[in-house]
Amino acid sequence: MDFAWNPSDEAYRAELREVVADHLPGDWWDNYAPHGPSSPVVMENARGFNAELARRDLVVRHWPRDYGGQDADAWKQIVISEEMWSLGEPRSSLYLGANWAGPAIMKFGTEAQKQKYLRAIAEAKFLWCQGFSEPEAGTDLGNMKTRADPIEDPVKGYGYTVNGSKVWTSYAGRADIMFLLARVGGKGKGGVSCFLVPTDTPGIDIRPIRGVHSEWDFHEVFFTDAFVPADALLGEEGNGWAIVQTIIHYERIGAARYEKAARGLDHLVERLRERGLWEDPVCRAECANAKAMVEAARLLTYLVIDGRAKDRDPGADTYLARYAMIEADHAVANLAAIWLPDLLVDGADGHVRSQFNSAITSGIAAGAAEVQLNMVSGRHLELPRGA
Amino acid sequence: MDLDLSPEQAALRDAIARIVADTGDIPREGGVVPARTWIAAEAMERAFEAGGFFGIALEPGCGAVEAALLVEEAGRSPLALECAGSALIGPLLTGALLPRPVAVARLTDLTRGVRFLDQARTLVVLLDDDVAVLPVEGLEVIALTGPHAYPLGKLAAVPDLAVARRLGHGAVPELQRLWRLALALEAAAAMQATIDFTTEYVKQRQVFSRPVGSFQAVQHRLSIDAVRARGVHWLAMKAAWSGSPLDAALAALHAQRSLTQVVYDGHQFNGALGMTLEHALHYWTFRLRWLGGELGGWSAQAAAAADMVWPNAAT
């Protein structure tokens with residue numbers, strides 16, 4: 001048993017911090033992070049920032065060399081996640097490609113798809129979005145209705161015509177590639193298929209929705225006879241649910257929310273001290289309690305990564321870790337709302353605002369908190385299914 | 001980073017678990033659970049004594065992690081066994097095995113109530129600026145009863161600590177660290193045992209023609225309890241590994257802050273049966289209730305943790 005980082009992890013973290021120090025805008029916390037990782041300002045900034053990460057081969061150290069990585073262990077993925085998510089994710093949705101779209105392509109993709117996308121992720125060429133949720137299918141993805149009907153187009157060849165809509169789609173406004181779920185077969189989970197679709201495909205219309213937590217984080221995406229070529233299909237037709245079940249373990253703990261909460265908490269304590277509020281023992285106790293929750297979430301996440309490094313089935317550990325992260329995120333955000341509410345005002349303190357905003361999303365994004373509990377109940381406690 | 005136990009540690013844990021499985025269950029009386037508030041782990045204690053397990057922390061190549069494995073595994077049993085003071089706190093604080101059982105207390109606890117004091121041979125007392133270690137023999141101990149699933153005792157009067165062995169000022173933070181670690185390990189074990197016991201019950205018990213455990217209201221609360229118990233376990237294991245006072249404080253804090261909900265849910269989901277002494281639930285939940293208030297309760301651990309996490313911000 002060893003809880004210490006190894007020297008290569010520490011060196012990797014140091015390299016990432018160098019890039020942050022040299023290339024993150026000086027007014028990051030004031031004018032970028034509070035707007036959220038899918039805001040136009042962060043997404044545009046990410047193009048240059050990500051290019052610098054790629055230039056130093058920092059994006060996917062944990063991937064095989066054949067795909068642009070360095071054959072490093074799975075811990076590198078959580079190191080970069082801690083360093084980036086704690087800042088409000090300056091990579092924007094590059095993380096989505098690196099965390100789970102890439103691994104999904106590695107596992108289920110054709111050789112051509114691997115060649116097309118994996119090195120491009122390593123080289124930070126694309127920003128991604130995920131076309132999962134629909135107006136009538138959020139948590140219940142198996143109920144999705146967007147269709148991808150096979151078609152033999154005389155000019156474009158064999159492919160699919162996509163019709164339907166997606167909603168609450170983060171990053172879509174400026175993303176390059178959508179990881180799309182659409183129904184090729186019949187009803188239920190068995191009809192779901194995955195597609196890798198450029199967002200500038202004719203027939204795709206993307207409209208922003210103003211979110212409560214950040215600018216333009218959400219979008220509606222409409223598909224009207226959008227032609228998607230056959231080689232955009234990831235895996236086999238109807239195999240989408242299996243792909244989703246695989247990538248869920250990467251997605252749900254891919255963002256190191258505990259680290260952002262930890263650094264946000266340190267920042268809050270500084271502000272509490274400035275205000276003289278730190279003298280209140282209740283305030284100190286609640287901050288310590290939040291710290292304990294953050295560290296518990298961290299260790300439960302490390303447990304999943306440790307299993308991944310050893311090529312073990314994560315079982316229910318992913319869901320336990322995700323729920324702990326949600327609790328930690330809210331514990332810190334609630335401190336801000338209770339003790340320093342004026343710092344949530346526009347322009348008051350971007351770091352506090354950024355933590356508060358991202359905590360709002362943590363129980364919804366990447367699967368509702370209650371879904372995580374369902375999974376813990378079924379797979380960890382092995383309780384019987386409800387009626 | 002490698003969160004697996006070493007092969008030697010895994011073998012040790014398995015050996016301890018076998019002893020707990022073989023000797024740690026409730027001795028039935030006429031086929032039923034005896035209606036008591038606590039039951040001594042006599043056979044388990046003999047087995048650990050015979051195997052030298054209480055001295056594991058002082059064995060070559062061993063230390064706090066090995067002692068932690070013993071404390072946590074033993075704590076899964078419904079039977080009351082003084083283990084943390086003997087196997088973890090005593091050896092790592094003094095470098096030697098103390099005559100056991102070992103009771104650990106703050107000065108103010110001595111005349112109010114201390115776990116295992118009515119059976120202890122050694123008493124370790126946390127003072128403001130020192131740690132006192134003294135034999136219990138010769139002290140007037142009054143046995144206490146209550147809903148705590150531990151043997152409890154108090155002293156008729158505060159003893160003359162001037163004649164006790166003193167470990168010095170530097171032993172104060174070390175005792176606090178080890179006590180918090182022990183508390184977190186014991187709580188992690190009892191929380192997990194409460195969840196396991198309750199989970200089995202709600203799988204079997206039918207209500208409205210369905211298992212109690214098929215209702216989402218029950219499932220979600222037990223799942224949150226599982227998240228908390230798992231978190232306490234890993235915080236405690238990290239604290240055992242690191243030797244960090246902060247890690248120990250965070251583990252104890254998370255345990256004491258989380259255990260009240262586990263106790264509540266355990267009793268709620270075991271229903272009226274859980275209100276009876278003939279149902280084994282209370283052998284863990286009563287222990288958790290005591291652990292929740294030990295060493296000043298969660299606010300004391302929180303205050304200590306806050307001063308350690310943010311030392312420059314401390315008032």
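Modeller: Quick term first: an axis is a line fitted to C-alpha atoms, for helices over the stretch in contact, and angles run from 0 to 180 degrees between N-to-C directions. What you see is a predicted model, where local features need pLDDT of at least 70, side-chain atom pairs count only at pLDDT 80 or more, and totals for chains, interfaces and linings use all residues. Residues are numbered from 1 along each chain as written, while chains are lettered from A and ligands numbered from 1 in written order.

Biologist: OK, at what angle do the axes of H5(A) and H7(A) cross?

Modeller: Helices (H or I, at least four residues) and strands (E, at least two) are DSSP runs numbered from the N terminus. Here H5 covers residues 94–108 of chain A and H7 covers residues 240–251 of chain A. Their axes come within 9 Å, and the crossing angle is roughly 140°.

Biologist: And how are H5(A) and H7(A) therefore set to each other?

Modeller: Under 35 degrees counts as roughly parallel, over 145 as roughly antiparallel, 65 to 115 as roughly perpendicular, and the rest as oblique. With an angle of roughly 140°, H5(A) and H7(A) are therefore oblique.

Biologist: Which residues of H7(A) make that contact?

Modeller: Contact asks for C-beta atoms, placed from the backbone, within 7 Å. H5(A) brings A:Asn99, A:Trp100, A:Pro103, A:Ala104, A:Lys107 and A:Phe108. From H7(A) come A:Ile243, A:Thr246, A:Ile247, A:Tyr250 and A:Glu251.

Biologist: Over to the two chains: which helix gives the largest share of chain A's side touching chain B?

Modeller: The contact takes 40 residues from chain A and 45 residues from chain B. On the chain A side, the elements giving two or more residues are H8 (257–275), H9 (281–309), H10 (317–339) and H12 (369–380). The largest share is 16 residues, and it comes from H9(A).

Biologist: How do H9(A) and H10(A) run relative to each other?

Modeller: Their axes are 8 Å apart and the packing angle is about 155°. That makes H9(A), relative to H10(A), roughly antiparallel.

Methods: Contact = placed C-beta atoms within 7 Å.
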